[in-house]
Amino acid sequence: MRLLIIGGSGFLGGELARRAVAAGHETSATRTTRPPDARRDVPPGVSWHALDLRDPAGPAEVLARVAPSVVVNASSGGSDWAVTAEGGVRVAQAVAGRGCRLIHVSSDAVFSGDDGPYDETRLPDPVTPYGAAKAAAETGVRLLAPDAVVVRTSLIIGDGHAPSAHERHVHDLVAGDRDGVLFTDVVRCPVHVTDLAAALLELAASEAVGVRHVAGPDALTRHELGVLVARRDGLDPTRLPAGRQADGARRGALDVRLDSRVTRRDLRTRLRGAREFLAGPRV
């Protein structure tokens, strides 16, 4: 494949770039400011392109330079509507204009958590700004690029050496460097970044279209996940403060269990549960 990774300097994008280069794909990636440094372990051979998804012409210009056969949008703009919603639609427009394949990474945040578990047929019903932005991007992608794959995933976890935001959060709470709690009533299905990246590349090389759910089989609360991360990393899990999101003033999705059984059946990539990939100390 001639692959373009939108958001290549991010946590998931970096893993995608490593795997794509190792597999022999001609790999380009975008970054908002400067390329990641060597400490991120992104291999040589990646062609970097600056891209601000808020620029209406930006995605089309990058695609014209790279001429990819496949685009993976792994960007993460959080609740910034201009990046997450409008930027995702701009990528889909650019892809539709060139006729290449699109893999769009979405999130379990598109669901309210009021009526799970959620399989691939379920329609979004977001309750947060981030979820609404992701849902809007999904809608735009499916209208503009009907042959695209929309991949909904959950909390993305690493191996501790290059930690995800969720892992850093656990470390900061244990160290007392951050205020807050880990919720005991918020349930997700975490996935390991290497499993997710492998599944995305497999889907990119396939003829799949439509919505796919790529998440781990274990449903855990945020606090349970934090305890597993702490134990793996040799930290004291009793130092992790616990609380309930339902007791707070802000509405948030509670029990969002992604049912990935249909997608897992068609994948060669094995999606491990968090209890498996967080078992034991990190090596």
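Modeller: Happy to, and bear in mind that this is a predicted model. Let's begin with helix α8, where eight of the eleven residues are buried, so α8 is largely enclosed by the rest of the structure.

Biologist: Which residues of α8 are buried?

Modeller: Buried here means under 20% relative accessible area. By that cut-off, the buried residues of α8 are H223, L225, G226, V227, L228, V229, A230 and R232.

Biologist: And what covers the buried residues of α8?

Modeller: Both helices and strands take part. The cover includes the strands β7 (156–157), β8 (182–183), β12 (220–221) and β13 (242–243), along with the helices α6 and α10 (274–277).

Biologist: Which residues meet in the contact of α6 with α8, and how many are nonpolar, polar and charged?

Modeller: From α6 come H166, E167 and V170, and they meet R222, G226, V229, A230 and R232 of α8. The contact divides into three nonpolar, two polar and three charged residues.

Biologist: Which residue just after α8 takes a positive phi?

Modeller: Most residues other than glycine have a negative phi. The residue just after α8 is a glycine, with a phi of about 70°: G234.

Biologist: Where is a positive phi found at a residue that is not a glycine, and is that residue buried, partly exposed or exposed?

Modeller: Look at the loop between α2 and β4, where A67 sits. A67 has a positive phi of about 50° although it is not a glycine. Its relative accessibility is 29%, so A67 counts as partly exposed.

Biologist: Which peptide bond is cis?

Modeller: Most peptide bonds are trans. In the loop between β5 and α5 we find P117. With omega near -5°, the cis bond runs from G116 to P117.

Biologist: How many aromatic pairs does a search of the whole structure find, and which residues form the pair?

Modeller: The search of the whole structure finds one aromatic pair. Its ring centres are 4.2 Å apart with 15° between the planes, a stacked arrangement of F111 and Y118. Both F111 and Y118 are buried.

Biologist: How far does α4 reach from its first C-alpha to its last?

Modeller: Helix α4 covers residues 86–98, which is 13 residues. At 1.5 Å a residue the expected span is 18 Å, and the model comes close to that with 19 Å.

Biologist: What do the buried residues of α4 pack against?

Modeller: The buried residues of α4 are G87, G88, R90, V91, A92, A94 and V95. They pack against α2 (58–66), β4 (70–73), α3 (81–84), β5 (101–107) and α5 (129–144).

How values were computed: Residues are numbered from 1 along each chain as its sequence is written. This is a predicted model: local features need pLDDT of at least 70, side-chain atom pairs count only at pLDDT 80 or more; totals for chains, interfaces and linings use all residues. Side-chain values use heavy atoms; hydrogens and water are left out. Rings of Phe, Tyr and Trp (its six-membered ring) pair if their centres lie within 6.5 Å; planes under 30 degrees apart count as stacked, over 60 as edge-to-face and the rest as tilted. Buried means under 20% relative accessible area, exposed over 50%, partly exposed in between (1.4 Å probe, protein chains only). Helices (H or I, at least four residues) and strands (E, at least two) are DSSP runs, numbered from the N terminus. The expected span of a helix is 1.5 Å times one less than its number of residues. Contact means heavy atoms within 4.5 Å. Ala, Val, Leu, Ile, Met, Phe, Trp, Tyr, Cys and Pro count as nonpolar, Asp, Glu, Lys and Arg as charged, and the others, Gly among them, as polar.
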